[in-house]
Amino acid sequence: MTPEEFARRYEECHRTLWFIAAAILGDKTQAHDVVQEAAAIAMTKLAEFNPATNFTAWMGQIVRYVALNESRTRQRRRSSTAPDALDSVPAGRSAGLATGVSGQLDEHVAAGLMSLDELPRTCLVLRIVHGLAYSEIAAALSIPEGTAMSHVHRSRLALRERLRGREDELRSTLGTGGGAR
Amino acid sequence: MNQLTPIELSRVAAYVDEAMTAEERAQFESELAVNAALREELEIQASLDASLNRLFEYSAAEAGAEAVAAPRALASPFVGRSRVRRWSALAAAVVVVGVTAWVMTRRDPNLIPPQQVWANMEKANFVPNWRCEDEPTFRAYLNSRLGESFAIDESDSLKVVGWGYSSDYQFYPISEQTLTLINRVGDQHAVVLIDRAENDRALKVPEGSGLHLYRKRVGDLVLYEMSPMSEARVLPRVRS
């Protein structure tokens, strides 16, 4: 694959790769860094890519690898931080996900989401936010389509369970301008 | 408050996630028509989806801004590896950055840099094209153009002068929606560019332009104050 061909295909799947990184890290800004780092790594391994296989899947694997590494590094950094410093971030909150009109509710949703396992969480984000079909999620994450469907379903139920007791809050946010796309 | 069983909750989730067969879907929709608890749960699921959409709102502008910073960001992960690998990775990053920058530029050929807006305002002696006479009119105008509003608390030294055209109708600094507000601070001027946050392009002014740029987010709007002054004078007085 030539660098030009790589650039074209990278552009085509960039957004999917960003959603994968953002779902793993819970940090939108860092997701951009991770995707670019993955792209730089991929460029050094172009000879290893088999053109007969799925490019998004190949890049998706690299992005997941880099994002998980970054996530582990952040956890190590956090655990070595003084306890006083941790008090300023509410438990489970993901500081890298912006909250807007429905800030408090969104923080609870973010916390609930980040408490799910990485792969089901990524499937859910790719489905709900990015709007991918199950077959596309399966291809991007190199998993069977049935597994993608099952992850989305179970993640949704688990997230719903974590938000039990906040039904009124959830209903009241409808119509505040942040509706689903 | 709904009292759905786990099975019913699971069916709502399957319906929302389009994981039902055509028959299951038809059956569920007929139940939906007569079951208020199911409808309520559907609303909750829609709200949850809306929340996730807000949390993971993608910013192409941010992607572009990050792309520019990539070589620096990429430096540390390659520390300790061979020089050849480090440089080949850096070269790869440059290609990616170049392509990304080209894509961003190609997508919007009508962009002008913020300092160009300042030059246009200066050329017009900061005379506005029109002004809003009071706060309700100001808010109504913002609402009609950007779907959200704010107000600016004027003072003896700060006066909102009025709205200007950032350029002619073809070019803009952030997006086609960008509004340009001219303000007077003492004997100087400050221009505020206002747009929807999702259109944000992480504006910058070049060093040596004599201009400073300050950014503030107000709800779903993004505001950039531009002036020769070494501190923001208008943005601190913005009230939602």
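Student: What share of the 181 residues in chain A is buried?

Tutor: Buried residues make up 50% of them, where buried means under 20% relative accessible area, exposed over 50% and partly exposed in between, with a 1.4 Å probe and protein chains only. Bear in mind that this is a predicted model, where local features need pLDDT of at least 70, side-chain atom pairs count only at pLDDT 80 or more, and totals for chains, interfaces and linings use all residues. Residues are numbered from 1 along each chain as written, chains are lettered from A and ligands numbered from 1 in the order written, and side-chain values use heavy atoms, leaving out hydrogens and water.

Student: What makes up the pattern of chain A?

Tutor: Read along the sequence, it goes α-α-α-α-α-α-α-α-α, with 9 helices and 0 strands. Helices (H or I, at least four residues) and strands (E, at least two) are DSSP runs, numbered from the N terminus.

Student: Why is α1(A) called oblique to α6(A)?

Tutor: Helix α1 (residues 3-25) and helix α6 (residues 118-128) of chain A pack at about 135 degrees, axes 9 Å apart. That angle makes α1(A) oblique to α6(A), because under 35 degrees counts as roughly parallel, over 145 as roughly antiparallel, 65 to 115 as roughly perpendicular and the rest as oblique.

Student: Which residues of α1(A) make the contact?

Tutor: A:Thr16, A:Phe19, A:Ile20, A:Ala23 and A:Ile24; contact means heavy atoms within 4.5 Å.

Conventions
Axes are lines fitted to C-alpha atoms, for helices over the stretch in contact, and angles run from 0 to 180 degrees between N-to-C directions.
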